[in-house]
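Take a moment with the model below. Look for open space first, then for rings.

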Amino acid sequence: MNSIIKGAIGVALLGAVSVPAFATSVTPPASGPTPVPGLTNGGLIVEVWDTVSGTSMSEWLGGDYGTVGPTSAAAGTLDYGVLGGSSTFNSLFSSSEIAAGNVNFMVTAVNDVKPSQPQAAVTVASIGTVTGNALGTFSSSINTGIAAIMNGVTACNNVNPCTATSTGSPGYAANYLGVSSIGGASTAGTAGGAALDFYNLANTTGSAKNPVQTTQYLSATGGGAATWTLSATGDLVYAVPGVSAVPLPAAVWLLGSGLLGLAGIGRRKMRAA
């Protein structure tokens, strides 16, 4: 019996060290300006657009290309909530359009300070060969979209999120941000659809013709690929699978030691009897 008690205590203590990945709610900034890729690390942004109606929403999620981190990340879930709030999201994107698969989304962060060697962290539905020229064009579009539309005085003027009700609206950033592919890579997914993998693309050589370096964002604890998901109701989630190591409070260790001590006392009394 004592061995069973000890085993149970040991398992409980070990299990407490590794816990399911944390979940954190994140509130995007209420206003900009969104960091511009051509001046510094560009802001981490999400673009949602309806390919039929022409409505769109561009939102700076906070942080930038530098804060996305290396291509391995700590396990956890970042929940950005319903983009723009439920009333705004529902007014722009109808449930019927979402059900029809007409509402696309993409998450990206770019550094375009050196136009010949851009870097981009971007959602990818299917990866293919991406050349330096393709990545350069993509990065330039993101740069223009943030500077001229999200931050532009005659467009959204730092209001976050930046919305548009038609392709002719000054706030229609999807012309620049809603890029559904980078060469051979498909970067957009659908609201309510499958999760999108996250990749880091970098033109390390500066060559316009050669393929760029592509590296997938993976869990640092070996849990698998990091993904972005936009639900049919507009909830954006970034998930890195795996477990998080959490230090146990001293009281827990004392409790475990005490229980083991009691088990030892019980064993000695049984022998004395």
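What follows is a short walk through a pocket and a set of aromatic rings.

Keep in mind that this is a predicted model. Start with the largest pocket. About 250 Å³ of space lies in it. Its lining has 18 residues, and those closest to the centre are Thr67, Val68, Leu78, Tyr80 and Tyr238. Which elements give two or more residues to this lining? They are strand E4 (56-64), helix H2 (65-68), strand E6 (76-82) and strand E17 (235-240). E6 supplies the largest share, with four residues. Sorted by class, the lining holds twelve nonpolar residues, five polar ones and one charged residue.

Now turn to the rings. The count of aromatic pairs is six. One of them joins Tyr80 and Trp228. Their ring centres are 5.8 Å apart, with 25° between the planes. Planes under 30 degrees apart count as stacked, so this pair is stacked. Tyr80 sits in strand E6 and Trp228 in strand E16 (residues 227-230), so the pair ties together parts that are 148 residues apart in sequence. Are these two residues buried or exposed? Both Tyr80 and Trp228 are buried.

Trp228 also pairs with Phe198. Here the centres are 5.7 Å apart and the planes meet at 70°, so the pair is edge-to-face. Phe198 lies in strand E13 (residues 196-202) and Trp228 in strand E16, 30 residues apart, so this pair too links distant parts of the chain. Phe198 is buried, like Trp228.

Finally, step back. Ring pairs link Tyr80, Phe198, Tyr217, Trp228 and Tyr238 into a cluster. Tyr80 and Tyr238 bring us back to the pocket, where both are among the residues closest to the centre.

Methods: Residues numbered from 1 in each chain as written. Predicted model: local features only at pLDDT ≥ 70, side-chain atom pairs only at ≥ 80, totals over all residues. Heavy atoms only, no water. 1 Å grid on protein atoms, 1.4 Å probe; cavity = no way out; pocket = protein on both sides within 12 Å on 5 of 7 lines; lining within 4 Å. Points joined across faces, edges and corners; volume = space filled by probe spheres on them. Nonpolar A, V, L, I, M, F, W, Y, C, P; charged D, E, K, R; others polar. Phe/Tyr/Trp six-rings, centres within 6.5 Å; stacked < 30°, edge-to-face > 60°. Buried < 20%, exposed > 50% of the residue type's maximum accessible area, 1.4 Å probe, protein only.
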